[in-house]
Amino acid sequence: TAVERANLLNMAKLSIKGLIESALSFGRTLDSDYPPLQQFFVVMEHCLKHGLKVRKSFLSYNKTIWGPLELVEKLYPEAEEIAASVRDLPGLKTPLGRARAWLRLALMQKKMADYLRCLIIQRDLLSEFYEYHALMMEEEGAVIVGLLVGLNVIDANLCVKGEDLDSQVGVIDFSMYLKNEDDIGSKERNVQIAAILDQKNYVEELNRQLNSTVSSLHARVDSLEKSNTKLIEELAIAKNNIIKLQEENHQLRSENTLILMKTQHHLEVTKVDVEAELQTYRHSRQGLDEMYNEARRQLREESQLRQDIENELMVQVSMKHEIELAMKLLEKDIHEKQDTLIGLRQQLDEVKAINIEMYQKLQVSDDAMKEKNEIVSRLEDKTNQITATMKQLEQRLQQAEKSQMEAENEDRKFKQECMSKSENLQKEISRKEKQLVQLETDLKIEKEWRQTLEDDLQKEKETLSHLRVETQQIICLKKEFLKLQDKNRQLKKICHDQEEALQELACKLSESKLKIEDIKEANKALQGQVWLKDKEATHCKLCEKEFSLSKRKHHCRNCGEIFCNACSDNELPLPSSPKPVRVCDSCHAFLIQRCSSN
């Protein structure tokens with residue numbers, strides 16, 4: 001590889017130097033037919049092809065120099081115009097032809113050195129296309145880019161559009177770089193003559209060996225012609241299949257358009273129905289929301305009123321119980337006071353009867369007074385237990401006790417005070433009875449009010465049941481709407497799948513057309529090449545490994561190259577064969593597995 005790089009560098013130096021000198025001596029703009037310019041492009045093509053990685057994909061552009069040159073437009077924005085114009089050229093079909101057109105346009109722009117310099121700097125990107133020992137990856141590539149700067153003094157006017165760049169054969173003409181015989185010494189001339197004679201003998205011997213192989217090659221040519229006729233028949237069958245696939249594609253497209261029309265019509269109908277249903281649902285939902293909010297507000301107000309009434313009822317009931325307890329206590333106190341009054345009257349009668357004997361019975365009266373004082377103390381204990389409403393009665397009872405203390409001297413006053421107390425008690429009893437009657441009337445009113453509230457609650461419950469029924473109907477409508485949406489999605493999915501199937505069929509048809517055109521071009525370009533002998537083919541051309549039982553030989557029908565089964569893994573499906581056929585990596589022709597006897 002180092003020797004190859006050195007040779008290519010020397011050839012690049014010679015071609016660039018010769019081109020500059022001849023252009024300066026020529027004295028006008030260079031055309032595409034100028035031989036030194038043609039040789040320069042051939043040398044540049046060989047330099048760019050050195051160490052290029054061979055991809056195993058069938059129609060990969062990275063096999064040729066167009067892959068790395070296509071990267072320049074990403075690294076150098078001014079190169080986008082060249083790449084776009086190269087892609088738009090109608091006569092170019094192969095990536096190699098595009099690369100040749102790109103080189104010519106770059107030379108006319110006088111920016112070839114700039115473009116290749118940007119490409120060489122990005123070695124991490126070049127490693128995808130070139131081996132590590134390639135010319136563009138080493139220092140020789142930078143030297144060549146430096147030499148290309150000198151080409152900026154040349155004006156080139158090249159016609160790329162009408163030129164056939166795909167089928168040109170890139171062969172270097174060394175005769176242009178040989179020196180004249182006058183400049184060479186006699187010793188060197190003798191040495192060269194001896195070398196030429198040796199080469200002549202070698203060529204004659206090689207011609208004899210080649211003549212011996214011509215006869216076998218004629219037989220192989222006959223077999224290749226037969227295989228070519230078979231390939232033509234297979235191509236005709238493939239064309240018929242392509243025509244049938246195009247008809248099926250047209251039918252599928254027509255069916256797809258009909259399905260799309262039907263689905264669009266159905267979708268429009270469903271959209272109109274759904275919009276109408278949505279509008280009715282929104283109106284009904286708005287009315288229902290308003291009714292529900294109003295009913296909810298009324299329920300809150302009525303529940304608040306009911307709570308207030310229940311609280312008042314509880315207060316009234318507690319007050320009623322307290323009044324009843326107070327009445328019972330008053331009745332009890334009244335009975336006790338009546339008993340005490342009766343006792344007092346009797347005592348007064350006795351006092352009147354025994355007033356004269358008072359002094360004699362003073363001790364007895366003292367005992368009676370003690371008992372009365374005890375009774376009074378008991379009464380005071382009882383009156384202290386009465387509620388706040390009976391405070392006035394307690395004061396009057398205290399006054400009565402005081403009057404009882406003075407009863408010995410003022411009997412008449414005591415009687416009057418007892419009568420006034422009884423009258424006051426009767427007035428209070430009458431007042432309490434009036435309060436009881438008023439409370440009973442209030443209870444009746446509250447019962448009637450409660451009945452009306454219960455009726456209103458029953459009506460609200462009925463409205464709530466109606467609202468629930470309507471909400472269930474709305475939920476059913478939602479479910480139907482969701483079902484329609486699911487059907488719509490399924491129809492869209494079916495349409496999308498059919499479109500993808502049509503796109504895949506179109507891609508396959510285009511790929512098959514491209515493959516057939518490539519096979520035709522490979523057959524045209526590689527006709528006349530010969531097969532190697534089985535004994536001479538000991539190593540694979542791609543991986544350079546020796547053939548064995550595990551690495552079987554596969555022979556190309558057109559170019560005569562021999563590959564191992566590991567390297568020739570490109571397969572092409574054919575409609576006439578049940579299994580895919582292996583294809584040559586260089587010419588894309590069919591491979592034949594050779595046995596040891598062939």
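The buried residues of helix α7 are Met112, Ala113, Tyr115, Leu116, Cys118, Leu119 and Ile120. The model is predicted, so local features need pLDDT of at least 70 and side-chain atom pairs pLDDT 80 or more, while totals for chains, interfaces and linings use all residues. Residues are numbered from 1 along each chain as its sequence is written, and side-chain values use heavy atoms, without hydrogens and water.

Q: What makes helix α7 mostly covered?
A: Buried means under 20% relative accessible area, exposed over 50%, and partly exposed in between (1.4 Å probe, protein chains only). Seven of the ten residues of α7, which spans residues 112-121, are buried. Helices are DSSP runs of H or I with at least four residues, and strands are runs of E with at least two, numbered from the N terminus.

Q: Why is Asp497 called partly exposed?
A: Its relative accessibility is 39%, and the class lies between under 20% and over 50%; therefore Asp497 counts as partly exposed. Asp497 is placed in helix α13 (residues 411-525).

Q: Why does Glu312 count as partly exposed?
A: The relative accessible area of Glu312 is 46%, so this residue is partly exposed. Glu312 belongs to helix α10 (residues 186-353). Its C-alpha atom is separated by 9.7 Å from that of Glu446, 134 residues apart along the chain.

Q: What share of the 598 residues in the chain is buried?
A: Buried residues make up 31% of the chain. Its secondary structure comes to 13 helices and five strands.
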